[in-house]
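Subject: Structure for your review

Dear colleague,

Please find below the structure that I am handing over to you. My notes on what was found in it come after.

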Amino acid sequence: MPTESASCSTARQAKQKRKSHSLSIRRTNSSEQERTGLPRDMLEGQDSKLPSSVRSTLLELFGQIEREFENLYIENLESSHSTSQLSQKLKTTYKASTSKIVSSFKTTTSRAACQLVKEYIGHRDGIWDVSVARTQPVVLGTASADHTALLWSIETGKCLVKYAGHVGSASGDQTAHIWRYAVQLPTPQPVADTSQISGEDEVECSDKDEPDLDGDVSSDCPTIRVPLTSLKSHQGVVIAADWLVGGKQAVTASWDRTANLYDVETSELVHSLTGHDQELTHCCTHPTQRLVVTSSRDTTFRLWDFRDPSIHSVNVFQGHTDTVTSAVFTVGDNVVSGSDDRTVKVWDLKNMRSPIATIRTDSAINRINVCVGQKIIALPHDNRQVRLFDMSGVRLARLPRSSRQGHRRMVCCSAWSEDHPVCNLFTCGFDRQAIGWNINIPALLQEK
């Protein structure tokens with residue numbers, strides 16, 4: 001009888017080891033199935049603080065995980081793949097499945113705490129900026145590339161005043177206008193229930209799915225064409241403006257790489273803030289102090305200090321690798337900056353060397369806004385999403401976006417109105433609409 005070669009003997013031993021390991025896996029998998037394969041009614045009958053809809057979703061997700069593991073197990077029995085390959089597949093499946101569970105709960109929380117309340121439709125081109133009046137009457141303001149600025153009733157969505165004094169797109173005529181308005185707020189109507197819509201699965205929308213939003217504002221909306229004051233010192237597009245504390249001075253930011261500080265009563269230029277190497281993108285003033293922050297395409301933002309009349313200091317913040325799209329003041333001595341490099345950074349004005357928190361996202365970030373009272377940052381993105389984070393960088397929610405609601409193109413700006421009972425967050429974008437949201441902040445912070 002022929003003698004068995006050493007190579008054949010080695011191969012047979014390896015095969016026996018694989019068989020033994022497969023049997024071990026079979027026994028382990030069987031015991032796992034016994035544990036996870038409990039009757040569904042037994043799991044549903046157990047005492048749980050979870051809502052029934054959430055519990056049902058969780059059971060379904062675990063069922064999917066069980067089926068995926070079962071398919072991998074069968075594949076292992078029928079193939080000659082090594083144990084290491086199986087282990088890697090199990091790890092990949094585990095990560096994907098658990099990530100799916102976490103994402104599911106995040107989406108459920110977002111839908112419950114973030115509700116679309118009102119859409120403000122009337123502009124005929126993209127909306128660059130949105131803001132809420134700081135004094136009574138509290139109205140919503142939007143500025144668009146259609147050469148107009150509109151004031152809206154927050155509760156009814158009705159246009160109250162139309163300003164059409166600019167020659168170019170928004171402030172493309174290189175000027176900033178100050179104008180006075182008087183409005184009569186309409187009687188609020190009952191707000192439609194959006195809970196059913198927000199419960200739908202989110203689906204992506206192409207531009208072909210975008211509804212016609214060309215509906216012009218009502219013909220009875222008064223139009224203002226002549227400004228009270230025109231500020232003329234820039235040599236490029238005026239991209240942003242804000243009031244300095246006290247209301248007697250205003251600051252503007254331009255593509256001519258400068259920011260200008262004006263005396264509102266005389267329209268005279270008080271200071272020209274130079275130093276940025278490229279076009280400015282935004283400017284913001286401190287709510288209680290004579291401080292101004294400007295951001296630029298040169299990847300920096302600058303802090304200008306006018307508290308001492310004899311000294312006008314400037315500090316440069318470097319930390320982004322692309323255009324800084326906005327920088328805003330928040331509580332205490334903090335500034336939050338957003339950038340096209342897909343990050344948001346929180347800075348302490350007393351330590352300019354490095355940020356105290358960094359938020360990394362998957363899309364460029366436009367004009368951010370901070371809910372000062374609750375320390376929540378609203379991030380509008382190029383990819384049509386709006387996300388909410390706290391000041392330490394923890395993600396709280398993503399605003400619902402589906403075929404029926406949410407923005408359908410790039411979201412340009414966000415603005416909080418913390419004390420408003422109906423809408424406490426507003427967003428606007430290139431889809432020519434502004435949206436009012438009701439954010440249940442206590443519910444978000446509770447899930448943190």
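This is a predicted model: local features need pLDDT of at least 70, side-chain atom pairs count only at pLDDT 80 or more; totals for chains, interfaces and linings use all residues.

Residues are numbered from 1 along each chain as its sequence is written, and side-chain values use heavy atoms, with hydrogens and water left out.

The protein chain has six helices and 27 strands; these are DSSP runs numbered from the N terminus, with at least four residues (H or I) for a helix and at least two (E) for a strand. Of its 448 residues, 43% count as buried, that is, under 20% relative accessible area with a 1.4 Å probe, protein chains only. The accessible surface of the protein chain comes to about 23,500 Å², of which 49% belongs to carbon and sulfur atoms; the areas come from the Shrake-Rupley method with a 1.4 Å probe. Among contacts (heavy atoms within 4.5 Å) between residues at least 6 apart in sequence, 51% join residues at least 24 apart.

Strand 25 is joined to strand 26 (residues 425-429) by five bridges, and the two run antiparallel. Leu 425 in strand 26 is the bridge partner of Trp 416.

Eight aromatic pairs were counted. Rings of Phe, Tyr and Trp (its six-membered ring) pair if their centres lie within 6.5 Å; planes under 30 degrees apart count as stacked, over 60 as edge-to-face and the rest as tilted. One of the pairs, Tyr 120 with Phe 426, is tilted, at 6.2 Å centre to centre and 55 degrees between the planes. Tyr 120 lies in strand 1 and Phe 426 in strand 26, so this pair ties together parts that are 306 residues apart in sequence. Tyr 120 is buried, with a relative accessible area of 0%, and Phe 426 is likewise buried at 0%. Together with Trp 152, Tyr 120 and Phe 426 form one aromatic cluster.

Yours sincerely

Technical notes:
Two strands pair if DSSP finds at least two bridges between them. Buried means under 20% relative accessible area, exposed over 50%, partly exposed in between (1.4 Å probe, protein chains only).
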